[in-house]
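Welcome, and take your time with the view below. We will walk through it together, one part after another.

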Amino acid sequence: QDAGKVFFLLPNTTTIRFESRDAPFFVEAMKTAAPNAQVVVQNAQGDPQQQQRQIEDAISQGAKLILLTSADANLIAGGLAAAQAANIPVVLYDHDAVGGKAEAHIVFDSLAVGQAQGKRAAEMINKIEKSPVKVARIKGNQGEYGTGQYEKGQDEFLKPLIASGKVQVVCEQYTQNWDPTVAQSFAEDCLTKNGGDVDVFLGMNDGTTGGSVAALISQGFKPGDKVVTGGQDATVEALRYVAQGWQDNSVLKDLKVEATEAAKVVASILDGKGVPKEIVNGKVNNGFMDVPAVLLPVENITIDNLGEVVSKGVWTWKEICQGVEDTEVCKANM
Amino acid sequence: MANIIIAEVPAKRPRRSFGELLSNDLRALPIVIGLVALGFFFASQSDVFLTSRNLSNLLIQSTVVGIMALGLMFVLLVKEIDLSIAAINGVTSVLMAKFIVEFGVSPWIAVPVAILIGAAIGSCSARWVTFVGVPSFVVTLGLGLALNGLQLMLLPATARYGLQQTGIEMIALTNISGVWAWLALVLGILAYAGLVVSDVARRQRAGLQAPFMQSVVMPIAAAAAFGAVVVAILISHQGIPLVVLIVAVLLGVGGYVLNSTRFGLYLYAVGNNEEAARRAGIKVSTIKMAAFAIAGGIAALAGIIGASRTLGVGVFSGGGVGGGTLLLESIAAAVIGGVSLFGGRGSIHAALLGALVIGTVGNGLNLMGVENEVRLIVTGLMLVLAVSIDKLIERATGHQSF
Amino acid sequence: MANIIIAEVPAKRPRRSFGELLSNDLRALPIVIGLVALGFFFASQSDVFLTSRNLSNLLIQSTVVGIMALGLMFVLLVKEIDLSIAAINGVTSVLMAKFIVEFGVSPWIAVPVAILIGAAIGSCSARWVTFVGVPSFVVTLGLGLALNGLQLMLLPATARYGLQQTGIEMIALTNISGVWAWLALVLGILAYAGLVVSDVARRQRAGLQAPFMQSVVMPIAAAAAFGAVVVAILISHQGIPLVVLIVAVLLGVGGYVLNSTRFGLYLYAVGNNEEAARRAGIKVSTIKMAAFAIAGGIAALAGIIGASRTLGVGVFSGGGVGGGTLLLESIAAAVIGGVSLFGGRGSIHAALLGALVIGTVGNGLNLMGVENEVRLIVTGLMLVLAVSIDKLIERATGHQSF
Amino acid sequence: MTALAAEQPSAARSGATPLVSLRNIQKHFGSLHALRGASVEVYPGEIVALVGDNGAGKSTLVKVMAGVHAADSGEYLFEGKSVQVKKPTDATALGIQTVYQDLSLCSNLDAVQNLFLGREMTGSWWGGGRIRRAECEVRARELLTRMRLGNLSLTRPVGAMSGGQRQNIAIARSILETPKVVILDEPTAALSHSAAEGVATLIRTLADQGLGIVIVSHDIHHFVVNATDRIEVMRLGTNVASFKSKDVTGEQVVNAMVGGNEGVNLAG
Amino acid sequence: MTALAAEQPSAARSGATPLVSLRNIQKHFGSLHALRGASVEVYPGEIVALVGDNGAGKSTLVKVMAGVHAADSGEYLFEGKSVQVKKPTDATALGIQTVYQDLSLCSNLDAVQNLFLGREMTGSWWGGGRIRRAECEVRARELLTRMRLGNLSLTRPVGAMSGGQRQNIAIARSILETPKVVILDEPTAALSHSAAEGVATLIRTLADQGLGIVIVSHDIHHFVVNATDRIEVMRLGTNVASFKSKDVTGEQVVNAMVGGNEGVNLAG
Ligand SMILES: Nc1ncnc2c1ncn2[C@@H]1O[C@H](COP(=O)(O)OP(=O)(O)OP(=O)(O)O)[C@@H](O)[C@H]1O
Ligand SMILES: Nc1ncnc2c1ncn2[C@@H]1O[C@H](COP(=O)(O)OP(=O)(O)OP(=O)(O)O)[C@@H](O)[C@H]1O
Ligand SMILES: O[C@@H]1[C@@H](O)[C@H](O)OC[C@H]1O
Ligand SMILES: [Mg+2]
Ligand SMILES: [Mg+2]
């Protein structure tokens, strides 16, 4: 029998993971979890209005379920209300969705990501003898829900250090649309402003940290001269930087796990069994209700546990080491 | 000694080829052909496309961009541009939400205030443009960024104001159904008929030609028939959405202003030959100010409708920093509909038709469910083709000479 | 029976007021005044601003937008617009990276191929514009989206090609320092002097007035002095960055093309009066095609430089879907620099000056370290003010009559 | 031929004040000195021809009268009183209508719209300024028929009309409402012979009704000496001679224009 | 006055073929039928006047000759051979130069640039088409001096010039290179008397050198009957009469234009 159409609505292409990894993983997982369901993937291209239209058009087409990664958590309530009015269940994937009804939320705890980044940054800062340690904070897209959570998590570790005088934040800026070019210009100007005397670049994802690395390279620094930390997503480029010593860390979110869990939840709802209680391990309040949540663990990847990415099947050593074969980690593992 | 002018109506009107028909009568609505072609294509690709639910959807989805483009058109007509309309859309909707949610102001006050503020912002850019002489492209680009910054400042720490149960949500949710819908249609047609008849009556009183059948019966009948089809479709789903009614009213009023009033005429005059307009005693800077104010006020209205649809406002209200898709689509809708970026040319249908083309492509591709990359490619090509069809027919049937 | 024309050079040249000086001689570089004002402001706010390190930084940061604007200018001159330049920038840089990383093509081949492809794309839009008659706004908007889609398709699953150690990174990392820098300057000035002198020699041979001091010595001395200051500043940091040299060469060649060649003249003619140009036998569609091809090729070059700076290409290359900030800033740079959107007006400095204004505001605000909201507001206002200063001076010192 | 150094034209002789009088007007365009103390005046019932070589400054002087250009210095008197004419509406408010050399029409508007531009007949205020198109059309047709242009299309954009058709519309525009002064800058340049004759008759009729007419024309031998009352000759931005039309031959005027016998004819 | 029904003008009598001959040209603008079988031909050494009321179709016929408008139907012969003239370059390639009624100048370019537009003298190919400005300027100055326009600024944009100055530039443009046929559409409309005389002399000189001249003018009494060889009268988009200039009075031409005695004068 035909279980009907499931729409997986992606937020944008700038956070490329959704298009290039999450969606294929989910489609794959659905083949075993609910082989009869037809999965349609659509991308809102960063436009919340477009995403609402996609929800409406999904309803027109008789969607059975919508798996939603909001383009903007704050402007999705109208879409959720439309789905609710049409009696179509919505499951949230990764991004929050404020102000409407949802069945479940599968997510890497954003706060935990920020905490992992903050914790690691604090460790690195404490290793530096100098005081105060000069830190440049290059934050994510302002006003985005994730950015707020990451900042909160980082602050938990950073604020005390600032208070104690160990850390001096010398530059701080949001990065419009997480654009690495913007991050790069900002990092360059920060270096210039301080005559090169910046010790730590704390980013929020691999794009923003990549901008800092490019700035350091363009200004003639060498790996290890400065600490670049605060990555997330474990993109292959970032891992190469980690291998080379340009970048300190990247918080790994195992997207295959996330997609598989999502497929389980979706299949169960399609079967009429509702959200599987056994995998729900928390709740997320989205201003409308407490959404039952499947909170997934995150893991911070540094040069010391780079192999984790490989053992989890996210990337192979070959992929990571392409072009950086002569680094020590790669020599050791190829 | 009489001056000789070639008579324009030949004694016996020759039968006209299909090409001529297209190139004359249908020229009035240029992009319509492209739109119809798109409709055929998507209907053949998805059996959902022509359902009343989807058509109703499509209309609603095109309203925000359509309204924005409608307002922008006034500015384009006078050979200026307003890149801040998306930012106005965003900042005024956030302001409205702030009034309502934070200060408990009634929507009945907050909405008009927001629209007035939008208009005020527009008129400020016009003053800067006309007084200082900086190109409107630069003024409104800068102003837009400044307003984006203001919008961020106005938002609370959560970066969102929810609008559920404030009354604002009713704008998007209200539908006029059953007999009320028909009543609305009848009222609209009556208003239109009133204008047409009074025009013809005047002409006849003045002793001018005005064939009853051609200038009274036919236009009214056509309008009634078209209106009835649209209303019937909408009713068979859930009635006329209030936002669609708003668009209809704006179109009606806008068409009246552009075609029948002095102000409308002056827009065309200023856009075509600013110096001639000035010499004719038209207060060019006032006309431009009004045009920008209209664009600003209408952008605010679109922002409110958008906020009502999304049930909240945030950083991305108004398309986000730089105006994003909303800005680009609003300008594109007007241009696709046939408004010239070089001033003085464009008619009221333009905005809506352009927005419908953009909306149809988006909606149709959503229904077809193509992949993201392909989607972008197809969207791009379809927009170009929709406009090209029209031009290609024009080429095939002989040039427009003027 | 002689025809009387008012002699234009009054017998004795009256001493000129400062206002007149401004409104005549400095009119050539309109936005310079705004730029200088910005410089003063930021220098007063941050003592780092005027360091050679920062000025060098600022120059490098402005190159991508400056180059894009330079290319776009050719299209704006002929009264068209190209909204696909950002997409061309993105798609060609991704293509180049794909060739190099995936197929192991040498950068020496991949780079020129990418530039040629950029030019080819540009000339395709021009053909569509001139042949079908669809406004270039629509054609290039659609094409841009299609190219964005193509860019996504070309990227690998990792969504990024890293360019470290491919040789491409050297474009951004190479600096010409010490004696080589001075040599480059001397070469540049020699080329310029050669042109100036040959012009004057021709004039003298033809028996035309050409005061040696005024038309030979002064311009060359001015150019040499300005060049020396810039080179001295750059050298005291790390030398002339290769990308800055590329910009300088483009400016030189572009200036030569626009001011001295037939093609350059035709761009202005077509932009001012397309029909007159056609009647004069100018192949309007060829000129437009060349203009779009140049814009496309230069956009590709800018894309390569951008890729070299960011050490890789990805979804963001070319500003992302819709062109984002890159597109807006490129158009804005040209317009701020004084290029008219209505064709036929603008000079070669425009692009660079406009890009420097945008770059200076961004850099200066980074140095001041203001908050994001404030930053947006200030950026917007400063852009407007920078252009306004110039216009306000113009107003104060009497109108430009034509 | 008589130089008019002190003598005044007909209307002036009767002690009337000039309708419009511009005195000693200076005007620069950047470094170009277009008007160097130019003057012109017109009395009720008088047709004044403004002649001069190409580039002499006639159109510039006309534009100063019409309020299009503000003069750098000089006096502007209307009916004897000093007035400020800084913009075109100042001039039209005084009852001065102008046919510009470049016609100043909007090519996207039709004949009726161009005729009435800036002074449309409109309905009641609650109609938002609804144009009474029918009335406008009737008046337009009337006027055009009087000018023997009965067949001119009222609904085609003027951009698609011939040069002469456009010029006719510009002339019609200037006499639509009863002005006090009409300034015409080469109004018959593109007109057919018969249409030009029509214009000559027309301005005489207007002058007979007490209007003041200033007309720029290069048709010295035929039109200027026969159809005007007084001739002001400009050269290099200033007045070099003034003649009574009935006392002068075309030859003499042309000589004055090109400086044949300056010394003799320099007036005022 | 002699109707020319069969008789041919001077050059033709000697058995020469016309330089240009347009026959039975039809041209529509949308529903407007602007040319209804119009014809015109010009022989070497001949000056043909094209006259007619405003809107008669003169400029449209001129534009068809110049390749600006493609005719809907009709014949285009050059030196007796049928040719395709679909765009302006086709006409210039044949040696036909045109002064358009609207002048068709680029207002942002200066006089030299406008004069040479489309045929600049350039340096060697490796200079990328570098314009030999000095040479152009010298030739421009020469030409303008010959036209008694020695003082005209060569470096100001023509947009800032007076109507007559612009018209002079357009005329100069048409004779810059030695053409075979020059078509002038109301070339003296904005010119001062003396400049117009200059043009009359100029075209006669050109005709004497064997060029064919087609000139549209409304100055029937003075210019057309005195300075041309043959007169083609158009009405309502078609030819209604043809005269030898020396055998006709202005009155007669004007009558033909407005249809005074059609029956008599209808020619070929
Ligand atoms: N581009 C055009 N589009 C539409 N109609 C046109 C166009 N050009 C001319 N016409 C019409 O064609 C007819 C002939 O115009 P044309 O310009 O040839 O007249 P003309 O004889 O040159 O008149 P004039 O003496 O006023 O210059 C006129 O009725 C005119 O309105
Ligand atoms: N807008 C302008 N900017 C600069 N110079 C101008 C402008 N308008 C006119 N001029 C110059 O001023 C002088 C006078 O021009 P004007 O148009 O008054 O001459 P005119 O007497 O009307 O000549 P014509 O008989 O050719 O129409 C000319 O040298 C002209 O080039
Ligand atoms: O993965 C991250 C995503 O969750 C966030 O929304 O944007 C930044 C990304 O890096
Ligand atoms: Mg003049
Ligand atoms: Mg004509």
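In chain B, what share of the contacts with a separation of 6 or more is accounted for by residues 24 or more positions apart? They account for 78% of these contacts, where a contact means heavy atoms within 4.5 Å.

Before going further, a word on what you are looking at. This is a predicted model, in which local features need pLDDT of at least 70 and side-chain atom pairs count only at pLDDT 80 or more, while totals for chains, interfaces and linings use all residues. Residues are numbered from 1 along each chain as its sequence is written, chains are lettered from A and ligands numbered from 1 in the order in which they are written, and side-chain values use heavy atoms, leaving out hydrogens and water.

Let us stay with chain B for a moment. Its secondary structure consists of 16 helices and four strands; helices (H or I, at least four residues) and strands (E, at least two) are DSSP runs, numbered from the N terminus. Along the principal axes, the C-alpha atoms of chain B fill a box of roughly 80 × 55 × 45 Å. Of the 402 residues in chain B, 56% are buried. Here buried means under 20% relative accessible area, exposed means over 50%, and partly exposed lies in between, using a 1.4 Å probe and protein chains only.

Chain B has 23 positive and 16 negative charges, and their mean positions are 9 Å apart. Lys and Arg count as positive and Asp and Glu as negative, without His and the chain ends, and each charge is placed at NZ of Lys, CZ of Arg, CG of Asp or CD of Glu.

Now turn to chain A, which has twelve helices and 14 strands. Its C-alpha trace spans about 65 × 45 × 30 Å along the principal axes. For its 334 residues, a compact globule would have a radius of gyration near 20 Å, and the 21 Å of chain A agrees with this. Buried residues make up 65% of chain A. Among its contacts between residues at least 6 apart in sequence, 70% join residues at least 24 apart. The accessible surface of chain A is about 11300 Å², and carbon and sulfur atoms hold 51% of it. The mean positions of its 30 positive and 42 negative charges lie 2 Å apart.

Within chain A, look for helix α9, residues 255-270. The buried residues of α9(A) include Leu255(A), Val265(A), Val266(A) and Ile269(A). Among the elements that cover the buried residues of α9(A) are β1 (5-10), α1 (17-33) and β13 (290-296) of chain A. After α9(A) comes Gly272(A), with a positive phi near 85 degrees.

Another helix of chain A, α4, holds Gly114(A), which is buried with a relative accessible area of 0%. Leaving aside residues up to four places away in sequence, Gly114(A) touches Tyr150(A), Gly153(A) and Gln154(A). Gly114(A) and Gly231(A) are 117 residues apart in sequence, with their C-alpha atoms 9.9 Å apart in space. In the loop between α4 (110-127) and β6 (133-139) of chain A you will find Pro132(A), and the peptide bond from Ser131(A) to Pro132(A) is cis, with omega near -5 degrees.

Two loops in other chains are also worth a visit. Lys79(C), in the loop between α3 (52-77) and α4 (85-103) of chain C, has a positive phi of about 65 degrees although it is not a glycine. Lys79(C) counts as partly exposed, because its relative accessibility is 33%. Arg148(E) lies in the loop between α5 (133-146) and α6 (163-174) of chain E, and its phi is positive, near 60 degrees.

Finally, how do the chains meet? Among the eight pairs of chains that touch, chains B and C have the most contacts. Chain A and chain D do not touch, and their nearest C-alpha atoms are 35 Å apart.

Terms used:
Rg over C-alpha atoms; globule rule 2.2 N^0.38 Å. Areas by Shrake-Rupley, 256 points an atom, 1.4 Å probe, with all protein chains shown as cover.
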